[in-house]
Amino acid sequence: MGDPLHDAGGQGHPAPSLVSTPSQAPLQRVAVFCGSNFGHSSHYDEATRALGRALGERGIGLVYGGTHMGLMGVLADAALEAGAEVTGIINRRLHDRGHLHTGLTRHEIVADMRVRKARMGELADAFIALPGGLGTLEELFEAATLTQLGDHHGRAAKACGALNGGGFFDPMRALLDRAVAEGFMKSAHNDMIVMSADPHQLLDALAGWQAPVVNKWITPSQGTGS
Ligand code: AMP
């Protein structure tokens, strides 16, 4: 497969889910979802900077929503400063309101948020969520849902993770544990969202990630593996 950036037309869990030895092709680009606000704690700012730096140190490109706002701007600045290529995919409405970060390596203006998510997904080898609100959580869950269904652009499954600085994602994990316990998802699909507070450990785990070999559906006679 060619490089979609340059192709013409450009269209409380145990450690086992953290595989620390990269076994597959190195990550070229990671899409990061994070708050367009800053959050109240300096933990979030620090975690965001640490991820931006880690991407630059590893030569991994950042794909993100393209704005200078909140943690999104912090992330882009840290990644650029560390030498990462940063691609912003922004929708026309936010662009016209002046939300574009003006120092990016490149940006694309797309029709709306849906097209934007699809384009980010097309460009990225893996997805990471940092702390954020509805937009961030929705984007992470969509990426994980497409992985669960084996329906990502160009590749069936792509690794998804969350950088759990300050324990921000612990309640999300608790909710997913509940969904497993109540028979709405399999534990393999819960474990599939990799979480770590350390950006390098998280990136190693995403690079070495293997898709679970279970399908999504739970028959009444099956357990969920919880
Ligand atoms: P939220 O977590 O609700 O602040 O939303 C952040 C997520 O939604 C980001 O990952 C973006 O993809 C998208 N988003 C929300 N607000 C903006 C904005 N002003 N500019 C660009 N993307 C945004």
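## Helix α1 against helix α8

A50, L51, A54, L55, E57 and R58 of α1 touch P199, H200, L203 and D204 of α8. By type, the residues of this contact are 6 nonpolar, 1 polar and 3 charged. The model is predicted.

Now the geometry. Helix α1 covers residues 42-58, and helix α8 covers residues 199-207. Their axes come within 9 Å and cross at roughly 55°. The crossing of α1 and α8 is right-handed.

## Helix α1 against helix α2

Helix α1 also meets helix α2, which spans residues 70-81. The axes of α1 and α2 come within 7 Å and cross at roughly 35°. This crossing is right-handed.

Which residues make the contact? From α1 come Y44, D45, T48, R49, L51, G52 and R53. From α2 come L71, V74, L75, A78 and A79. The residues of the contact of α1 with α2 comprise 7 nonpolar, 2 polar and 3 charged. L51 of α1 is listed in the contact with α8 and in the contact with α2.

## Around the ligand

There are 18 residues around the ligand. Which of them come nearest? They are S36, R116, G133, T136 and E139.

A polar side-chain atom of R116 sits 2.6 Å from a ligand oxygen atom. G133 uses its backbone: an N or O atom there lies 2.7 Å from an oxygen atom of the ligand. For H99, a side-chain N or O atom is 2.8 Å from a nitrogen atom of the ligand.

How values were computed:
Residues are numbered from 1 along each chain as its sequence is written. This is a predicted model: local features need pLDDT of at least 70, side-chain atom pairs count only at pLDDT 80 or more; totals for chains, interfaces and linings use all residues. Side-chain values use heavy atoms; hydrogens and water are left out. Axes are lines fitted to C-alpha atoms, for helices over the stretch in contact, and angles run from 0 to 180 degrees between N-to-C directions. Helices (H or I, at least four residues) and strands (E, at least two) are DSSP runs, numbered from the N terminus. A crossing is left-handed if the near helix is turned anticlockwise from the far one by less than a right angle, and right-handed if clockwise. Contact means heavy atoms within 4.5 Å. Ala, Val, Leu, Ile, Met, Phe, Trp, Tyr, Cys and Pro count as nonpolar, Asp, Glu, Lys and Arg as charged, and the others, Gly among them, as polar. A residue is near a molecule or strand if one of its heavy atoms lies within 4 Å of it. A polar contact is a pair of N or O atoms within 3.5 Å; within protein, one must be able to donate a hydrogen and the other to accept it, and residues adjacent in sequence count only if both atoms are side-chain atoms.
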